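Open the model in a viewer and keep the selection tool at hand. Each stop below says what to select and what is there.

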Amino acid sequence: MSGILTVIALLAVVLPASADPLSVFVSVLPQKFFVEAIGGPSLTVHVMVPPGASPATYEPKPQQMVELSGAALYFSIGVPFEKAWMKRLSSANASLKIVATDEGTEKRAMAAHHHDGDDGHDHHHDHGLDPHIWLSPRSVLTQGRVILRALVAADPERASLYRENYRRFAASVVALDLELMERLSVLPEGTPFMVFHPSWGYFADDYGLEQLPIEVEGKEPKAGELTALVERAKAEKIGVIFVQPQFSRKAAEALARSAGAAVEILDPLAEDWDENLRRVAEALVVSASRRQ
């Protein structure tokens with residue numbers, strides 16, 4: 001027994017410190033998919049915003065702050081809660097490196113709200129930049145390169161492993177993009193789909209679709225706005241109103257009843273990122289088929 005203990009002790013001395021998994025944080029679940037694909041078992045990935053919570057309003061829990069104190073990297077992505085919390089997250093760990101995975105990604109404006117003003121003109125309001133860049137496979141390739149660079153810099157001893165993992169990951173993302181293009185090619189260019197929260201703008205841009213949001217400036221629509229949406233849904237022959245688990249579906253259900261449409265869930269924060277996008281494509285094809 002003493003001989004075995006001696007061997008274990010020698011191995012502990014010989015093995016580099018980087019043999020231990022690198023502790024890293026991400027903001028939302030889809031990022032966990034990307035980071036784990038590139039880092040593999042060399043990483044322990046913690047997710048700040050848990051399933052069912054909204055990255056717009058989330059507040060980190062005390063236990064997460066404790067775990068953060070031992071993390072090497074935090075992969076941010078530009079979701080709203082980061083603006084309020086990033087300085088405090090950094091102060092919990094002086095050695096923590098914040099990696100902005102939205103670096104190099106050109107962001108689109110959040111879906112704008114149009115209304116006719118008293119002067120008879122159409123008024124157009126933009127409300128910041130859309131953070132949902134993980135819903136575009138093409139943008140995810142850029143995010144993956146940022147993740148790769150950060151992992152190589154933080155853990156150069158495993159650089160070759162990270163690079164090989166990234167090559168496989170990038171190939172799978174390109175294949176998924178081609179698959180989605182093929183699946184959605186049955187829809188005419190500009191096919192509209194209606195959602196409560198405008199999460200799917202990048203996805204719509206990638207595949208030539210039009211996202212019609214119900215939410216107005218981050219709030220449920222007022223009675224007059226809801227009436228206009230019902231008219232739009234009928235005019236566009238919208239058969240399905242898509243909602244997401246993180247938001248109330250009251251307005252969507254009211255609109256669906258008035259427009260004679262169904263209500264279905266699309267979750268932009270699902271962890272099984274690739275399968276989720278396949279489900280979304282299928283839901284959009286099926287919903288389009290319901291248009292009379």
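**Before selecting anything**

This is a predicted model, in which local features need pLDDT of at least 70 and side-chain atom pairs count only at pLDDT 80 or more, while totals for chains, interfaces and linings use all residues. Residues are numbered from 1 along each chain as its sequence is written, and side-chain values use heavy atoms, with hydrogens and water left out.

**Whole protein**

Show everything as a cartoon. The protein has 10 helices and 10 strands; these are DSSP runs numbered from the N terminus, helices being H or I with at least four residues and strands E with at least two. Of the 292 residues, 49% are buried, where buried means under 20% relative accessible area, exposed over 50% and partly exposed in between, with a 1.4 Å probe and protein chains only. Contact means heavy atoms within 4.5 Å. Among contacts between residues at least 6 apart in sequence, 60% join residues at least 24 apart.

Now colour by pLDDT, the predictor's confidence in each residue, from 0 to 100. The average is 86, and 87% of the residues score at least 70. Select residues 1-18: here the pLDDT is below 50, and the stretch has 4 contacts in the model beyond near neighbours in sequence. Residues 113-126 also have a pLDDT below 50, with 22 contacts counted in that way.

**A sheet of four strands**

Select β8, β7, β9 and β10. In that order these 4 strands form an open sheet with parallel pairing; two strands pair if DSSP finds at least two bridges between them. Which strands are at the edges? They are β8 and β10 (262-265), each pairing on one side only. Neighbouring strands of the sheet are turned by 35° against each other on average, direction ignored. Such angles run from 0 to 180 degrees between N-to-C directions, and the axes are lines fitted to C-alpha atoms, for helices over the stretch in contact.

Zoom in on β7, residues 191-195, where 5 of 5 residues are buried. Thr-191, Phe-193 and Val-195 point one way from the strand, and Pro-192 and Met-194 point the other way. β7 pairs with β8 (residues 209-213) in the parallel sense over 5 bridges, and Met-194 stands opposite Leu-212 in β8. Follow the chain from β7 through helix α7 (residues 201-206) to β8: this β-α-β crossover is right-handed, meaning that, with the strands pointing away from the viewer, the path from the first strand over the helix to the second runs clockwise. β7 is also joined to β9 (residues 240-243) by 2 bridges, and the two run parallel. Across that pairing, Val-195 stands opposite Phe-242.

**Helix α9**

Select residues 250-259. Which residues of α9 are buried? They are Ala-251, Ala-252, Ala-254, Leu-255, Ala-256 and Ala-259. Their cover includes β7, α8 (223-235), β9 and β10. Just after α9, Gly-260 takes a positive phi of about 70°.

**Two cores**

A nonpolar core is a set of buried Ala, Val, Leu, Ile, Met, Phe, Trp, Tyr and Cys residues joined through side-chain atoms within 4.5 Å. The largest one has 70 residues, and Tyr-74, Phe-75, Leu-151, Trp-200 and Phe-203 have the most contacts inside it. Helix α6 (residues 159-184) gives the most to this core, with 9 residues. A second, separate core of 18 residues includes Leu-226, Ala-233, Ala-259 and Ala-261.

**Two single residues**

Select Ser-27, in the loop between β1 (22-26) and α2 (29-39). Ser-27 is buried, with a relative accessible area of 0%.

Finish at Tyr-162 in helix α6. Is Tyr-162 buried or exposed? Tyr-162 is buried, with a relative accessible area of 0%. Residues touching Tyr-162, not counting those up to four places away in sequence, include Ile-38, Ser-42, Leu-151 and Asp-155. Tyr-162 and Arg-149 are 13 residues apart in sequence and 9.1 Å apart in space, C-alpha to C-alpha.
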